[in-house]
Amino acid sequence: DKHMLQFLLHSSTAFTLARAPVLNGHPLAPATRARHHAVVAREIAFVAQSEARCEPFAATRARPLGDWFAQEDALRILMSQAESCRRLDEDAPPGSETQRWEVVTPIEFPGMVARSVTPMDIRVDAAADRPTLSISSGASETQCSGGPGWAQALLSRIGEIATTVSSNTVDVQEDEGGGLTVVSRVKLTVKLSIPTLLLPPFVPAGPFERSGSESLQKLLDRDMGTVLGRFREGYLTWATGD
């Protein structure tokens with residue numbers, strides 16, 4: 001998610017700077033450094049989870065809902081918050097239950113742009129009446145363009161202190177009126193390894209973790225309903241097409 005990644009980058013930059021060697025005023029400048037003690041870090045975890053659903057609708061017999069779940073257009077909608085997405089396993093046979101995608105999310109800074117590149121593993125159970133999608137993220141990397149070299153190197157090291165694990169299960173349920181609704185259950189965990197210089201042992205981590213978790217929770221609550229609405233409309237358009 002674009003806004004979640006903005007949160008990660010802005011939160012992590014200060015920590016990365018603290019760990020980066022500074023020489024002649026430039027972090028990460030190549031040079032021989034004096035011997036120093038290893039930096040001790042504390043692990044902080046932000047956790048958010050959300051369940052969202054779209055408005056009820058009726059599936060068509062001509063084009064089953066399970067077939068829509070397996071369409072690339074459907075998956076692109078679920079990943080539409082990113083700047084771009086592309087399938088990595090293009091040689092996989094049609095109807096493959098597992099797919100691997102890559103999403104790219106930009107974060108703009110003055111004079112430069114950082115892009116987070118994240119692989120996504122997708123499993124599709126295209127059962128006609130009750131299809132299911134499972135989406136999980138892999139380890140991401142940061143690519144930078146523009147700006148000074150030291151700043152690009154700094155942002156590319158964010159992965160050393162920040163780890164993000166996300167999962168999204170999308171399935172179909174029937175409401176009391178017999179209509180179908182698509183339900184998404186998302187869990188997002190962000191772990192930061194913060195030097196004790198910035199977060200000493202005597203400072204409680206609880207308030208920091210709660211604040212970060214609340215920020216992530218707001219992003220999930222705001223975005224997922226909109227995405228599922230587009231997913232629903234995409235199916236209805238596809239199902240009535242030629």
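Mentor: A residue is called buried when its relative accessible area is under 20%, and exposed when it is over 50%. Ile194 has a relative accessible area of 1% and is therefore buried. This residue lies in strand β10, which covers residues 180-195. From Ile194 to Ile161 the C-alpha to C-alpha distance is 7.2 Å, although 33 residues separate the two in sequence.

The model is predicted, with an average pLDDT of 77 over the protein chain and 76% of the residues scoring at least 70. Residues 1-34 have a pLDDT below 50, yet this stretch makes 72 contacts in the model beyond near neighbours in sequence. Where pLDDT is low, the predicted coordinates should not be read in detail. The protein chain contains five helices and ten strands, and 41% of its 242 residues count as buried. Of the contacts with a separation of 6 or more, 69% join residues 24 or more positions apart.

The part requested is a single aromatic cluster, formed by Phe57, Trp68, Phe69, Phe231, Tyr235 and Trp238. The count of aromatic pairs in the model comes to five. One of them joins Phe69 and Phe231, edge-to-face, with 5.3 Å from centre to centre and 85° between the planes. Phe69 belongs to helix α2 (residues 65-69) and Phe231 to helix α5 (residues 206-239), so this pair ties together parts that are 162 residues apart in sequence. Phe69 and Phe231 are both buried.

A further pair, Tyr235 and Trp238, is tilted: the centres are 6.1 Å apart and the planes make an angle of 45°. Over the face of Trp238 lies Arg63, at 4.2 Å from the ring centre.

Trp68 is also part of the cluster. Leaving aside neighbours within four places in sequence, Trp68 contacts Phe231, Gly234, Tyr235 and Trp238, as well as Asp73, Ala74 and Ile77. Trp68 and Phe69 have the most contacts inside the largest nonpolar core, a set of 43 residues. Helix α5 supplies the largest share of this core, nine residues. In soluble globular proteins, nonpolar side chains tend to be buried together.

Glu102, in strand β5 (residues 98-109), has 17% relative accessibility and so counts as buried. Apart from residues up to four places away in sequence, Glu102 touches Ser84, Cys85, Arg86, Leu88, Val117, Thr118 and Pro119. Cys85 itself has 17% relative accessibility and for that reason counts as buried, and Cys54, at 7%, counts as buried too. A disulfide is a covalent bond between the sulfur atoms of two cysteines. With the sulfur atoms required to lie within 2.5 Å, the count of disulfides in this model is zero.

How values were computed
Residues are numbered from 1 along each chain as its sequence is written. This is a predicted model: local features need pLDDT of at least 70, side-chain atom pairs count only at pLDDT 80 or more; totals for chains, interfaces and linings use all residues. Side-chain values use heavy atoms; hydrogens and water are left out. pLDDT is the predictor's confidence in each residue, from 0 to 100. Contact means heavy atoms within 4.5 Å. Helices (H or I, at least four residues) and strands (E, at least two) are DSSP runs, numbered from the N terminus. Buried means under 20% relative accessible area, exposed over 50%, partly exposed in between (1.4 Å probe, protein chains only). Rings of Phe, Tyr and Trp (its six-membered ring) pair if their centres lie within 6.5 Å; planes under 30 degrees apart count as stacked, over 60 as edge-to-face and the rest as tilted. A charge sits over a ring if NZ of Lys or CZ of Arg is within 6 Å of the ring centre and within 35 degrees of the ring normal. A nonpolar core is a set of buried Ala, Val, Leu, Ile, Met, Phe, Trp, Tyr and Cys residues joined through side-chain atoms within 4.5 Å.
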